[in-house]
Amino acid sequence: MVPPTATSTAVPGPGEAATAAPPGSPPSRARRPSRWLAWGFLAPVTLYLATFYAYPLYRNVELSLREYTVRSFVQGGAPFAGLDNYRTVLTDQAFGSTLTHTLIFTAASLAFQFGIGMALALFFHQHFPLSRTLRALILVPWLLPLIVSASTWTWLLNSDSGLVNAALGVLGVDPVNWLTSPGWSITSVIIANIWIGIPFNLVILHSGLQSIPAEVYEASALDGATGWQRFWSITFPLLRPVSAITLLLGLIYTLKVFDIIWIMTKGGPTNSSATLATWSYRLGFGNLLPEFGPGAAVGNLLIVLALIAGLGYIRIERRQQLR
Amino acid sequence: MTGLSRRRRLAAVAVLALAAAAGGACSSSSDQPADGGAYLVWDPYPQFADDSEWVALLKKCGTSAGVTVKRTGYDTTDLTNKALLAAQQGNSPDVLIVDNPVISTLAEAGALTTTDDNKLDVSAMAANLLGAGQRDGKTYGVPIGANTLALYYNKDVLTAAGVDPAGIRDWASLNSALGKVEAKGKKGITFSAIGTEEGSFQFLPWFWGSGAQLTSLDSPQAVSALTLWTDWLKQGHAPNSVINNTQTTSWQEFATGDYAFAENGTWQLANAEKLGFPYGTIAIPASAGGPAPAPTGGEFVSIPVQRSTGRYATSQKLVTCLTSADNLLATDTTLSYVAPVAAVQERQASTDPKLKVWVEAVRAAKGRTGDNLGTKYPKISEALWTAVQAALSGGKSPGEALAAAQAAATNK
C-alpha cells in the first residue's frame with residue numbers, strides 16, 4: 001500500500017515537523033506551505049497507523065456490537081445487537097472465574113517478576129567475576145520462542161513423566177498434577193510466566209541502576225548508612241520512574257498473555273486456568289462454530305483493562321511531575 | 001495535547017480521512033479472483049512438499065482438465081478460519097479440501113456449492129462417510145479418505161500379562177485385561193482427553209459404544225461411559241496426563257513401551273512400524289460387546305462458491321479426477337487413510353492385510369455432524385469435552401458433569 005521509498009522519507013517527518021513549527025510559536029499564514037509539507041511527511045505514518053491499528057480496532061468494536069453467525073460473517077447483513085454480546089459475556093457463568101484468573105495471573109506474575117528481577121538487578125549491579133556471562137544466561141528465557149518455553153514447561157510439569165514430579169519423588173513428596181488438576185493449573189502457568197518475564201524486568205531495572213549517580217552512594221556511605229537503608233532511601237526512590245514503566249509494560253504484556261497458557265493447559269481443565277485472553281480466543285477460534293461477537297467483546301474488555309492501567313500510569317506520573 | 005490548535009486538529013482529521021480512503025481503495029481492488037488462469041487448491045496437508053506424490057497428482061489432474069493448478073497447504077486448524085475469511089472476501093479457492101466436521105460450518109455460511117450445482121457424482125461413496133457432508137438432503141462435498149480410531153496394543157506387554165487380545169470383546173474383558181497388565185507392573189491404557197475437539201473425538205467411541213446419543217448427553221449410558229474413563233484414572237489404569245494429552249503426546253506415551261493399549265488412529269500406522277516392539281490393533285469394544293461405532297475422521301473435497309460460476313465445470317473435473325478409484329487408492333495409501341469407496345477398500349485390505357481392522361472400523365464408524373446434527377455438533381462437542389475434563393480432573397462427578405454439559409448444549 002505504501003511504496004517502500006515513502007517509508008524511508010517518513011523517518012525525518014517528525015523532525016521536520018518540529019523544526020517547521022516549534023512548540024509555542026504562534027501560527028502564521030506565511031508558514032502555511034511548510035505546514036502542509038509537514039503534514040505530507042506525517043501522512044505515511046498516519047496511513048500506516050490508520051490501516052493497521054485504527055481500522056482493525058474499529059472492526060473489532062463493530063464485530064462486538066453485531067450479532068454475527070458464520071452465515072452473516074460471510075454473506076454480510078449481521079443485525080446490530082447493541083451491547084447484547086457484552087451482556088452475554090458478562091452474564092456467562094465463566095466470566096467471574098475468568099476475570100479472577102486474569103487478575104490473579106497478572107498480579108502474581110508482576111509481583112514475582114518484579115521482585116526477582118529487582119533482586120537479580122541489584123546482584124548483577126555489583127561487578128564480580130563471571131557477572132556478565134551469568135547475566136547473559138539469565139536472558140535466555142527472553143530469547144527463546146514462546147512455543148519452545150511453553151512446551152518445555154509442559155514436559156517438566158507432566159504428571160507422570162515430568163522432571164518436577166520426579167524431583168519431588170526423590171524428596172519424598174507425592175506427585176502433583178500440575179497441569180491437570182483444577183487446583184494447580186493456574187499456579188503452573190503463573191510459574192512459567194514468571195520465569196519468562198524475569199529477564200525483561202532484570203534488563204530494565206539494571207539499566208535504571210546504572211543511571212543512579214555513584215556520588216549519592218558515596219555520600220551515604222560516609223554518613224554510615226547500612227545496605228538496607230541505602231536500598232530503601234536511595235535506590236528504590238531513585239528507581240521509581242523506571243519501576244513504574246517496567247510495571248506498566250509488564251502489566252500490559254501480562255494481561256494479554258495467551259500463548260503460554262494455551263500451549264500448557266488450553267485454559268483447562270474446565271476453565272481453571274482460563275484468562276480473558278484465552279477465553280476470547282476460544283470463543284472466536286476454539287470451536288468449529290466460531291462465536292465472533294462474544295469473542296470480540298471479551299477482546300475489547302481486555303483492551304479497556306489495559307487502557308485503564310495506562311491512564312492510571314499517566315495520572316500518577318503527572319502528579320509526580322507536579323510535586 | 002491540550003496545546004493543539006483547532007487548525008492542526010482539522011488537518012489531522014483530513015489526513016486520517018485521506019488515509020482511510022486510500023486504505024478502502026486498496027482493499028476493494030483485492031476482491032477480484034486471484035490468478036485468472038490457474039485453479040487454486042487449498043488442502044490441510046502441509047507435510048507434503050511440492051515434489052510429493054500428492055502435489056504431482058494435483059498437477060496431473062489439472063493437466064488433464066486443461067488448466068494449471070496452484071496449490072497451498074495449510075495447517076488443518078488454521079484452514080477453517082482461512083476458508084471463512086476467504087469466503088467473506090470473495091476469493092475462495094476453486095477446490096477446498098477440509099476436515100469433515102468443518103463442512104457443515106462452511107455450508108451453514110453459504111460458502112460451499114451443493115452437488116446439485118457442481119454436478120459431482122457421489123453415488124459410489126459409503127453412506128456413513130458421506131453423512132458428515134450432508135445437511136437437509138443436500139451434499140456439500142466428496143470424502144477423499146477416512147480414518148478412525150482403534151486400540152493399538154503392545155504384544156510384549158499383553159503376552160507377559162497373559163492377556164489374549166482376541167478375547168477383548170466388551171468393557172468388562174477390557175477392564176480385566178487392564179487389571180492383569182497392572183498386576184505385572186505395566187501401565188494400562190493411554191488416550192487423549194484434551195479440552196478441544198480432539199478430546200471429544202477420542203471419547204465418542206466409548207460414548208456411542210455405551211448406547212448414548214449426542215442429543216442426550218446426560219443419559220445413564222453416557223454417564224456409564226464417562227465413569228469408565230474416570231475409574232481408569234482413579235485406579236491408575238490410565239495416566240493422569242491424558243487430561244492434557246493430544247493424540248500425538250498420547251502416542252509418544254505408548255511408544256515408550258510401558259503401556260498395554262493406546263487409543264489412536266489410522267494415521268499412526270507409519271509410526272507404528274517404527275515402534276521398538278511388536279504391536280497389533282483391535283476395534284474399540286462397545287459396552288455390551290462387538291465393535292463400538294467410532295467417529296470418522298478424514299477430509300472432504302469441496303467446491304466453494306465462486307463469483308464466476310463458469311469455473312465450476314473445470315473444478316468438477318478436478319475433483320472427479322482426485323476422487324477416481326485409482327487416484328483415491330494412491331492418495332489414501334500416502335495419507336494412510338481408508339478409502340471412502342467399498343471397491344477401493346477391498347483393494348486396500350488385500351494389498352495390506354493390516355488394514356483389515358481399519359476397514360472394518362471405518363465401516364462401523366459414524367460421522368460426528370451426521371444424524372442431521374450439522375452445526376449443532378460443535379456446541380454439543382464443546383459441552384462434551386468440558387464434561388470429560390471436569391470428571392477426569394475430579395472437579396465434578398461424571399453424572400454432574402454430564403448434566404451440566406446437557407444444560408450447556410441445549411441452552412446456547
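Residues 36–55 of chain A are 100% helix and 0% strand, with end C-alpha atoms 25 Å apart. The model is predicted. In the unreviewed UniProt entry, residues 36–55 are one of the spans of chain A listed as "transmembrane region". In chain A, helix 3 covers residues 32–65 and is among the elements that touch chain B.

**Annotated spans of chain A**

- Under "transmembrane region", the unreviewed UniProt entry lists residues 36–55, 103–124, 136–156, 184–205, 238–264 and 292–314 of chain A.

**Contact between chains A and B**

- The contact involves 34 residues of chain A and 42 residues of chain B.
- On the side of chain A that touches chain B, helix 3 (32–65) and helix 4 (70–75) each supply at least two residues.
- Helix 3 of chain A gives the most to this side, with 8 residues.
- The side of chain A that touches chain B divides by class into 18 nonpolar, 13 polar and 3 charged residues.

**Open sheet in chain B**

- An open sheet of 4 strands in chain B has the order 8-9-7-10, with mixed pairing.
- Strand 8 (187–190) and strand 10 (279–282) of chain B each have a single partner strand and stand at the edges, so one side of each has no neighbour in the sheet.
- On average, neighbouring strands of this sheet are turned by 20 degrees against each other, direction ignored.
- Strand 8 of chain B runs parallel to strand 9 (residues 259–265) of chain B, and 3 bridges join the two.
- I189(B) has F261(B), in strand 9 of chain B, as its bridge partner.

**Helix crossing in chain B**

- Helix 10 (residues 220–234) and helix 18 (residues 398–411) of chain B have axes that come within 9 Å and cross at roughly 130 degrees.
- Helix 10 and helix 18 of chain B are therefore oblique to each other.
- The crossing of helix 10 of chain B past helix 18 of chain B is right-handed.
- From helix 10 of chain B, the contact uses A222(B), V223(B), L226(B), T227(B) and T230(B).
- From helix 18 of chain B, the contact uses P398(B), G399(B), A401(B) and L402(B).
- The residues of this contact between helix 10 and helix 18 of chain B comprise 6 nonpolar, 3 polar and no charged.

Technical notes: Residues are numbered from 1 along each chain as its sequence is written. Chains are lettered from A and ligands numbered from 1 in the order in which they are written. This is a predicted model: local features need pLDDT of at least 70, side-chain atom pairs count only at pLDDT 80 or more; totals for chains, interfaces and linings use all residues. Two strands pair if DSSP finds at least two bridges between them. Axes are lines fitted to C-alpha atoms, for helices over the stretch in contact, and angles run from 0 to 180 degrees between N-to-C directions. Angles under 35 degrees count as roughly parallel, over 145 as roughly antiparallel, 65 to 115 as roughly perpendicular and the rest as oblique. A crossing is left-handed if the near helix is turned anticlockwise from the far one by less than a right angle, and right-handed if clockwise. Two residues are in contact if their C-beta atoms, placed from the backbone, lie within 7 Å. Ala, Val, Leu, Ile, Met, Phe, Trp, Tyr, Cys and Pro count as nonpolar, Asp, Glu, Lys and Arg as charged, and the others, Gly among them, as polar. UniProt positions are given in the numbering used here, feature names are shortened, and annotations may be inferred rather than shown by experiment.
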